Amino acid sequence: MDTALQAPREPDLQRLLDEHAHRALLRLAVVGSVDDGKSTLIGRLLYECDGLFEDQISAVRKASAKRAAAARTEALAQGLKAAAGGGDEEELDFSLFTDGLRAEREQGITIDVAYRYLSTARRKIIIADTPGHLQYTRNMATGASTADAGVILVDARLGVLPQTRRHAYIASLLGIPYLAVAVNKMDLVGYERATFERIGSELADFARTLGFEGVRLFPVSASRGDNITRPSAHTPWHEGGTLLSWLESLPHQRRLDGAPFRFPVQYVIRPHQDYRGLAGQVASGTVRVGDEVQVLPSGRRTRVEAIDTFDGPREDASATASVTLRLSDDVDVSRGDVLSHVDQPPLALQHLDAMLVWFGEQPLDATRRYLVKQGTRTTPAQVERVLWRKELEDLSEAPAEALALNDIGRVRLVCRRPLLCDAYQENRRTGAFIVIDALTHDTVGAGMVLGPAESASRTGTSLVSQVEREQRLGQAGAIVLLPSTPEAAGRAFALERRLFDLGRVVATVAGDVEVALALSRAGLVALVHADAPQLRRVLREEAQEARTQWWELDDTETLEQWVEHLTPEAGT
């Protein structure tokens with residue numbers, strides 16, 4: 001038997017699999033305006049990196065020949081001079097490798113996000129081909145939301161368009177750190193260096209203002225293959241290498257293993273009386289058997305007793321593993337809750353500022369109720385107000401009452417239940433959310449958490465002085481931080497009743513920084529029960545900055561001792 005036909009030996013096959021598994025993975029988004037050649041560039045990359053099957057190439061070759069014949073027939077019918085021959089073999093239409101929908105092939109456009117995979121000797125790459133049309137901006141944002149790097153294409157004949165700027169800005173909002181500016185169709189402008197430098201520098205200067213860590217320029221022709229996988233003889237003046245070499249040189253994909261542990265609970269599994277597991281995907285960080293964790297928003301603490309998977313039990317699990325966690329104690333947990341390590345909890349925000357990309361055909365209506373879905377939690381929410389809308393021509397912040405289709409702006413949200421989240425720049429998985437129309441259930445926006453809503457005192461000055469409030473109420477406003485225990489939450493209302501009976505104007509707040517500060521500024525005593533150390537820290541800092549009276553009660557003291565601390569008779 002011919003040894004060349006024998007299957008690879010098992011050790012050799014295992015070695016190849018191990019080498020492939022250890023190649024660094026890069027998620028790439030290719031963006032740009034309509035008809036800039038995104039699908040063609042991706043098809044060229046796949047073809048020249050051997051990322052296609054023979055039957056795919058054969059099908060595209062036939063489709064390309066059919067399309068070319070139809071074009072020649074139409075040209076002859078219109079009395080135009082048809083191209084003669086063109087060689088022994090028709091050119092491949094590389095866009096057909098990614099435009100998989102029938103409507104895409106018929107119209108010659110990209111409608112939905114297409115994901116393709118290729119592997120080189122150094123790296124594995126998952127490519128997202130995103131639409132360029134204005135009405136498909138939401139699809140573009142979806143494809144770029146998980147990317148580690150981006151390639152933005154510009155047609156050398158048309159230059160930088162408004163949609164090009166919009167896509168670059170969205171890419172920066174979504175946290176993509178590295179951007180390549182590919183000036184495409186250089187063959188149609190005679191490979192003019194001046195054209196490349198003018199367009200490339202214009203977009204590169206715009207991109208650098210958006211905070212990208214690295215921006216590179218490439219003169220390319222996706223249909224001809226110039227400077228994509230091999231240097232082009234048509235651009236001897238270009239010394240920046242090829243697009244593929246740039247992709248292979250980028251740092252390893254950003255991992256979420258080192259981020260704080262976040263586990264949004266997706267489902268509670270209870271097949272029988274002796275088993276109760278919490279199913280979900282580790283959004284970030286790592287959890288190990290025996291770790292002390294807390295369940296939010298309740299704040300109950302317990303330990304991880306076991307980590308179960310389809311392949312059997314494990315000692316640890318990191319992002320983005322889908323696992324089932326079993327806890328040592330039978331604590332109350334349901335879908336939408338989040339598990340975290342005790343010393344690194346997420347924020348719990350009901351009032352928050354966020355950047356919002358609006359997808360809805362109908363403009364954002366601040367008087368309308370929406371649903372916000374973040375992780376596995378969905379809660380009713382309202383846009384308190386639009387703070388500003390981004391003008392993409394000069395990146396200025398324009399006042400706005402609403403956001404229209406494809407507008408990008410900063411908004412202030414009020415959620416009925418707190419979002420258990422992180423700032424988007426710190427954690428892309430737990431800092432992102434979508435906005436859903438409560439009536440139609442259409443997805444109308446994509447948002448990125450910026451943090452707690454900024455204090456209202458920073459945006460204006462009240463016409464009522466603090467002295468006037470004290471004279472009217474007979475007291476000064478204050479914040480009282482209760483211990484972060486379940487028992488303290490119950491005692492908060494008893495304390496509120498006692499202080500009210502003693503003539504104090506008092507209200508209980510469940511961990512909302514903005515509400516607590518607003519009440520204290522209005523002259524009330526705000527009793528705050530906040531579990532998350534981050535919220536407690538923010539409360540302390542904000543109270544000190546506003547020069548508000550501040551108390552932090554001790555859990556070892558009785559209710560009567562608390563009352564004594566907070567009444568005038570006790571010297572407060």
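**Salt bridges**

I searched the whole structure for salt bridges and got 20. A salt bridge here is a side-chain nitrogen of Lys or Arg within 4 Å of a carboxyl oxygen of Asp or Glu. I note that the model is predicted: local features need pLDDT of at least 70, side-chain atom pairs count only at pLDDT 80 or more, and totals for chains, interfaces and linings use all residues. Residues are numbered from 1 along each chain as its sequence is written, and side-chain values use heavy atoms, with hydrogens and water left out.

I looked up Glu-48. It pairs with Arg-230, the closest N and O atoms being 3.5 Å apart. Glu-48 sits in helix α2 and Arg-230 in the loop between β6 (214-219) and α8 (243-249), so the bridge ties together parts that are 182 residues apart in sequence. Helices (H or I, at least four residues) and strands (E, at least two) are DSSP runs, numbered from the N terminus.

Arg-44 joins Glu-48 and Arg-230 in a network of salt bridges. I found Arg-44 in helix α2 (residues 38-48). Is Arg-44 buried or exposed? Arg-44 is buried, at 9% relative accessibility. Buried means under 20% relative accessible area, exposed over 50%, partly exposed in between (1.4 Å probe, protein chains only). Its contacts (heavy atoms within 4.5 Å) include Phe-94 and Arg-224, not counting residues up to four places away in sequence.

Next I checked Arg-377. It bridges to Asp-337, with the closest N and O atoms 3.5 Å apart. Arg-377 lies in strand β19 (residues 377-391) and Asp-337 in the loop between β15 and β16, so the pair ties together parts 40 residues apart in sequence. Arg-377 is buried at 3%, and Asp-337 is buried at 10%.

I also checked Arg-276, which bridges to Asp-330 at 3.4 Å between the closest N and O atoms. Arg-276 is partly exposed at 23%, whereas Asp-330 is exposed at 65%.

**Nonpolar cores**

A nonpolar core is a set of buried Ala, Val, Leu, Ile, Met, Phe, Trp, Tyr and Cys residues joined through side-chain atoms within 4.5 Å. Which residues have the most contacts inside the largest core? I noted Tyr-169, Met-186 and Phe-212, in a core of 43 residues. Helix α7 gives the largest share, six residues. I then listed the contacts of Phe-212; among them are Ala-168, Ile-176 and Leu-179, not counting residues up to four places away in sequence. A second, separate core has 33 residues, including Leu-26 and Val-60.
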